Each structure stands twice: as structure tokens, then as C-alpha cells.
Amino acid sequence: MADRAGWQGAVESELRAAGRALAVPPASDLTAAVRQRLEGRAGHRRDERVLRTGTVRRRRGWRAALAVVVALLAVLIATPQGRAVVLHVLRFAGVELRQGPGPVRSPGSGASLPGERRMSLERARRHVSFPILVPAALGRPGEVVISDGGRVVSLIYRRTPHGLVRMDEFAGHLDQIVFEKFVHLGNVTEVEVNGTRGLWVTGPQELVYITRDGTPAVASARLTTGNTLIWGTRRVALRLEGNLGKTAALAIASSAR
Amino acid sequence: MARSRGGDLDAYAVLIARYTLRAHRAAFLLGAGEESDDVVQEAFVKAFRHLSRFRAGESFGPWLLRIVANETRNLTRSRRRRAALELRLCAADANAVTADAPVDEVLAAERRAGLVAAVNGLPDRERRVLVCRYFLDLSEAETAQVLAWPLGSVKSRTWRALNRLRGLLAPEEQNRFSSG
């Protein structure tokens with residue numbers, strides 16, 4: 001029986017790895033359809049059917065989801081800023097971008113993610129379920145911090161030509177929100193990182209960590225420094241933060257291996 | 001959350017945006033296939049109508065996923081074709097086997113393919129418990145909530161399913177664990 005935990009752990013980690021590689025078609029944006037059904041008056045049955053056929057028709061080809069995201073971005077940019085109610089939310093690579101004031105105004109230097117643990121890069125690699133990417137352009141990180149039981153890894157570089165630079169990485173396959181960012185959507189532009197889509201967000205933003213059960217971790221709320229680049233590979237979602245210009249950020253991002 | 005419970009649709013729209021992808025992944029992997037969007041839409045409508053039953057302090061994710069799992073169950077029960085529910089690896093991963101990749105990556109990809117095929121072949125309950133625990137990354141307690149099973153059943157079915165998959169481990173790993 002002594003070996004039980006050993007082989008069990010091995011099967012479990014193989015299963016998790018297979019889970020990350022499973023084919024899952026993209027989801028449609030259902031907000032409007034659900035709203036319409038909930039706002040609908042009596043005799044809405046027929047409406048329901050029409051809407052549901054609509055969803056079926058929209059699902060032609062997996063590429064549709066990308067179009068939905070891009071369309072959403074266009075809508076967001078067209079939205080007048082400073083609206084009282086946040087109706088639109090942009091979700092991308094584990095980060096939710098919301099227009100509007102965040103929950104905490106003070107920068108709070110003591111802000112931290114839940115369960116932070118400092119360790120070597122090698123140990124961190126054994127603690128998390130996704131491959132940790134290191135940007136060759138910055139070399140070995142000065143500090144490696146894993147948080148919330150290995151859900152997030154942060155590489156911290158204190159002495160770079162750009163000052164303090166931080167790279168947060170988390171599993172890209174779970175379709176969960178890990179960070180929530182409160183932005184003016186005029187500050188968000190689309191960029192390309194290694195041939196995939198990324199978002200470039202300028203200026204300090206409020207950033208909040210979202211726990212596994214979907215609630216914001218209040219103690220994590222802080223103002224970011226400088227600008228942020230958000231992008232993802234198939235298995236890892238990444239955010240790079242620091243006093244970086246766009247060119248420098250893209251160079252660092254594309255050197256991540 | 002509190003505003004959603006008060007019937008505020010704007011607040012609820014934020015919850016929908018936040019949970020759609022997770023709910024969709026759950027519906028798809030639990031077998032809703034092409035109808036995953038419909039299942040998720042139905043689940044969000046039902047969840048809103050039943051928000052009064054949601055207890056403050058509970059987490060919304062597993063509570064919603066329970067509705068998703070239930071809807072998916074209703075759908076798959078009425079559907080005969082099981083083949084449609086098979087889990088597949090994404091194309092990039094399946095191609096790794098033939099591509100010009102390092103040997104250990106090819107082996108890992110082959111092992112994953114074998115594992116997914118074996119998961120597809122498991123009895124329905126064991127397959128669902130593995131999907132929740134390892135593909136949706138839920139804890140044992142959350143899995144119990146989502147599948148509406150006692151915690152003991154989650155543990156015993158997980159154990160049984162893992163045992164069946166044990167033979168698929170690479171031989172050297174099996175040796176390592178049985179000799180160590």
C-alpha cells in the first residue's frame with residue numbers, strides 16, 4: 001500500500017495534462033440571449049425557440065468565437081467612458097477587463113495574492129500544473145513566487161533597464177478568470193505576440209485577483225505600475241507589467257520560452 | 001452577487017460574462033457536445049430564477065455548475081448516441097505524434113491519447129467524476145456538490161476510476177512506484 005500515493009499522483013498528473021490538451025469548442029456570448037429571456041414577458045416561449053436556433057446558427061466553425069471577442073472589443077471602444085453602469089466586460093486570457101472604478105482606490109503597497117510562497121524556479125516548476133515560461137530577454141528572474149496553491153506563478157525582476165518588471169503566469173486552459181482589471185477601454189489596444197492575439201493596456205490600472213470560486217480577493221487589490229501586456233499560449237496565460245514601452249514589452253513577451 | 005439576487009439584470013450580466021467559459025467547458029466535457037451553448041443558456045436562466053435559494057457565502061461557481069451538470073444529464077439521457085460525447089484531444093496535440101517533435105514529447109502525446117481513449121471507455125459515473133476532478137479542476141467537495149453525490153461516492157468512484165487507468169502508466173513509472 002505504501003506505493004499507492006505514488007502511482008495515484010502519477011495518474012492524476014497525467015490526467016490533468018490530458019485535460020489541458022482536450023479539444024473544447026469556444027463558447028458563444030450568451031449575455032444578450034439570457035437577458036432577453038429573463039426580461040421577456042408572458043408568452044415568451046416562441047422567443048426562446050427563436051433565440052436558441054439563433055445560437056445554433058451562430059456556432060458555425062470554431063473561429064466564430066474569435067469574431068465574437070473582436071466584435072465585443074469594438075463595442076467596448078465605442079462605449080462612452082464614464083458610464084454609470086458597467087454593462088460590458090471583456091475577458092481575455094484569464095483576465096477580465098472592466099470599464100469603471102475598481103473596488104479599492106489606495107495603491108496599498110502591502111497588496112498580495114493569497115498564499116504567496118517564494119521558491120526557486122526549479123521547485124516552482126514542480127508545484128504548478130502548467131509549463132512556466134521564462135523570457136530570455138530578461139534572463140533568470142530575481143524572485144519566483146507561487147500563489148494560491150500553485151494557481152499563479154510570478155516572476156519578479158527588480159533590476160532591469162526598465163526598473164521593476166513582473167510577469168504573472170497561470171494555467172491558460174481552465175477558462176477561469178484569475179485577475180480583474182478596471183480600465184478605461186480607450187487604453188486597450190490589440191497587439192500580436194508570436195502570431196497570437198494579445199492586449200496592450202497602458203497606464204496604471206486597478207488589478208484584483210479573483211479566487212477559484214470567482215470572488216475577488218480584496219487584499220490583492222492594487223494599482224499596477226506602468227503598462228501591461230496580456231497574452232496567452234495554448235497552456236499558459238501571461239501578463240507582463242512594468243514601466244515598459246510597447247516595443248520592449250513585445251520583445252520580452254516573444255522571448256518567453 | 002447581492003444585486004443579482006435583488007433581480008438586477010445588469011449585475012447578473014457581469015456574473016454571466018464571468019462564468020460563461022467555465023460553464024461551457026463543464027457542459028461540453030460532461031457530454032452536452034454541440035448543445036453546450038444551449039445548456040449553458042438554460043442554466044443561466046434557471047440560476048437567475050432560483051437565486052433566492054442561493055445562500056450568502058456559498059460560492060457561485062459550483063452552484064451554477066450543478067445546474068449545468070443537471071441540464072447536461074437531462075440532455076444526454078434523452079440522447080442515445082454516445083459516440084457524440086467522446087472527448088478528443090485538440091488537433092495540435094494529436095498532431096504532435098507525427099510531427100518532428102522530440103521523442104519524450106511524442107511519447108507524452110501518445111500517452112495522453114491513450115489516456116483520453118481509456119477515459120472515454122469508462123462507465124459513465126466514473127468518467128464524470130474524473131471530468132470534474134481533473135478536467136474542470138474541482139475539489140472533492142465541489143465535485144460532490146456539482147454531481148449531487150455524497151462525498152463518499154466521489155472518493156470511491158474517483159479511486160475506482162484511477163485504478164482502472166493505472167495500467168496505462170508508462171511501464172518504467174509503474175516499476176518505480178511498485179519497487180519504491
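I'll take the ground rules first, then the sheet, then the scores.

This is a predicted model, where local features need pLDDT of at least 70, side-chain atom pairs count only at pLDDT 80 or more, and totals for chains, interfaces and linings use all residues. Residues are numbered from 1 along each chain as its sequence is written, while chains are lettered from A and ligands numbered from 1 in the order in which they are written.

Now chain A. Its open sheet has eight strands, in the order β3-β4-β5-β6-β13-β12-β9-β8, and the pairing is antiparallel. Strands here are DSSP runs of E, at least two residues, and helices are runs of H or I, at least four residues, numbered from the N terminus. Two strands pair if DSSP finds at least two bridges between them.

Which strands stand at the edges? In chain A, β3 (117-118) and β8 (188-193) do. Each has a single partner strand, so one side of each lacks a neighbour in the sheet.

Look at β8(A). Six antiparallel bridges join β8(A) to β9(A). A:Val188 has A:Val201 in β9(A) as its bridge partner. The two strands form a hairpin with two residues between them. In that turn, A:Asn194 has a positive phi of about 50°.

Next, β9 (196-201) of chain A also pairs with β12 (227-232) of chain A, antiparallel, over four bridges. There, A:Gly198 sits opposite A:Trp231 of β12(A).

Last, confidence. The model scores ipTM 0.85 and pTM 0.56. Chain B averages a pLDDT (the predictor's confidence in each residue, from 0 to 100) of 82, and 82% of its residues score at least 70. Within chain B, helix α10 (171-179) is lowest, at a mean of 52. Helix α8 (140-147) of chain B is highest, at 95.
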